[in-house]
Amino acid sequence: MRALLDRVLRAREGSQNPWLLIVALGAFIAFTILGIRALPHIDKPIRWELIVVAGLICVPVIVVLNALEFRLMAHFAHHHPPMLEIVQITVLGSAANLLPMPGAVMVRLSNLRKAGVRVTRGLNLTAIIGLAWLGTAGVLGGVVQLWSHTAFGLTALAIGATLLSIGTLMLWRALEPGVRVAGALELLSIECGFILMQALRLFLVAAALRFDVSYAQTTTLAIATVAAAAIGFLPSGLGAREGMAALLAPIVGFPAAVGLVITAVDRLVSLAVLSVLAGIVTITTRRQRREQLLVGAEGD
């Protein structure tokens, strides 16, 4: 398991390769163009207010959930960073997930290593968080499709439940007896909130573009977001997420082009808001970084 995690993380670090970035950007652009050309005719104007809600409300809420997830992960490792540091790691890591650079996984691991957490411990907790995220997406995406697309719902539910079971077992072995149940329940609550908010963001984007897509369908579409994030060799899963969304969309009852376009627009909305948040965090923490540099210089 450790060797596998090492290979995955090295692959994510290698995502800075310019050729991989070119391929990923090319796939993203090609998929988006094909999706737009295949869209059904829309004779109504875009509802920009829903785009604003998706960006200014859903994205910050997801950032908060990410911060709670990292805080919990750090506490599992007996590391208690201050709130400002948690916010900084979360925002920069979230932005990194959408840019051609190593994502939140590498940002979090770097912070844990600086705090003295062993690499193996950090890798183990990263795997647990990832399995919980993937498993929750599968379970929720499967449950909402059990009655309308039973075969797919059962398959997604079975895969998600298996991943959650593995993650829970790993968490059980990693934590002390007194905090296992509380830790598992808190992690599951965070991941559920995360998936449901991602689905809401996709639903709002679809409604803004005048597509007839239900919240249950976008909950299933969130599986594409999670699965693409797990791909290490493409920067931020660029193009992969959109391609997976196009594959999932017809399975749950709407055109592939619609699934592709709403995930592409969702990526752009998220990137715009996260870029602003990252700039704000960078500016507000500049004084703190200067003070740390001064302390380091005095120590030398």
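Visitor: Where is the place of Asp266?

Guide: Asp266 lies in helix H11. The model is a predicted one.

Visitor: Why is Asp266 called buried?

Guide: The relative accessibility of Asp266 is 0%. Buried means under 20%, so Asp266 counts as buried.

Visitor: Which residues is Asp266 in contact with, leaving aside its neighbours within four places in sequence?

Guide: Asp266 is in contact with Arg201, Leu202, Val205 and Arg241.

Visitor: Why does His78 count as exposed?

Guide: His78 has 53% relative accessibility. The cut-off for exposed is over 50%, so His78 counts as exposed. This residue is found in the loop between H3 and helix H4 (83-98).

Visitor: What is the phi of His78?

Guide: His78 has a positive phi of about 60°, and it is not a glycine. Most residues other than glycine have a negative phi.

Visitor: Why is Arg210 called partly exposed?

Guide: Its relative accessibility is 34%.

Visitor: How are two packed helices described?

Guide: By the angle between their axes and the distance between the axes. For H3 and H11, the axes come within 9 Å and cross at roughly 60°. The crossing of H3 past H11 is right-handed.

Visitor: Which residues of H3 and H11 meet?

Guide: From H3 come Ile51, Ala54, Gly55, Val59 and Val63; from H11 come Val265, Val269, Ser270, Val273, Leu274 and Leu277.

Visitor: How do the residues of this contact divide into nonpolar, polar and charged?

Guide: Nine are nonpolar, two are polar and none is charged. Gly counts as polar by the definition used, so Gly55 in H3 falls in the polar group.

Visitor: Which residues touch the most other members of the largest nonpolar core?

Guide: Ile195, Phe211, Leu221, Phe254 and Ile262, out of 36 residues in that core. Helices that each supply at least two of its residues include helix H6 (119-143), helix H9 (215-229) and helix H10 (240-251). H8 gives the most, with eight residues.

Visitor: What does Phe254 touch, not counting residues up to four places away in sequence?

Guide: Phe254 touches Val213, Gln217, Leu221, Ala249 and Gly259.

Visitor: Which residues does the second, separate core include?

Guide: That core has 22 residues, among them Leu112, Ala132, Leu164 and Ala174.

How values were computed
Residues are numbered from 1 along each chain as its sequence is written. This is a predicted model: local features need pLDDT of at least 70, side-chain atom pairs count only at pLDDT 80 or more; totals for chains, interfaces and linings use all residues. Side-chain values use heavy atoms; hydrogens and water are left out. A nonpolar core is a set of buried Ala, Val, Leu, Ile, Met, Phe, Trp, Tyr and Cys residues joined through side-chain atoms within 4.5 Å. Buried means under 20% relative accessible area, exposed over 50%, partly exposed in between (1.4 Å probe, protein chains only). Helices (H or I, at least four residues) and strands (E, at least two) are DSSP runs, numbered from the N terminus. Contact means heavy atoms within 4.5 Å. Axes are lines fitted to C-alpha atoms, for helices over the stretch in contact, and angles run from 0 to 180 degrees between N-to-C directions. A crossing is left-handed if the near helix is turned anticlockwise from the far one by less than a right angle, and right-handed if clockwise.
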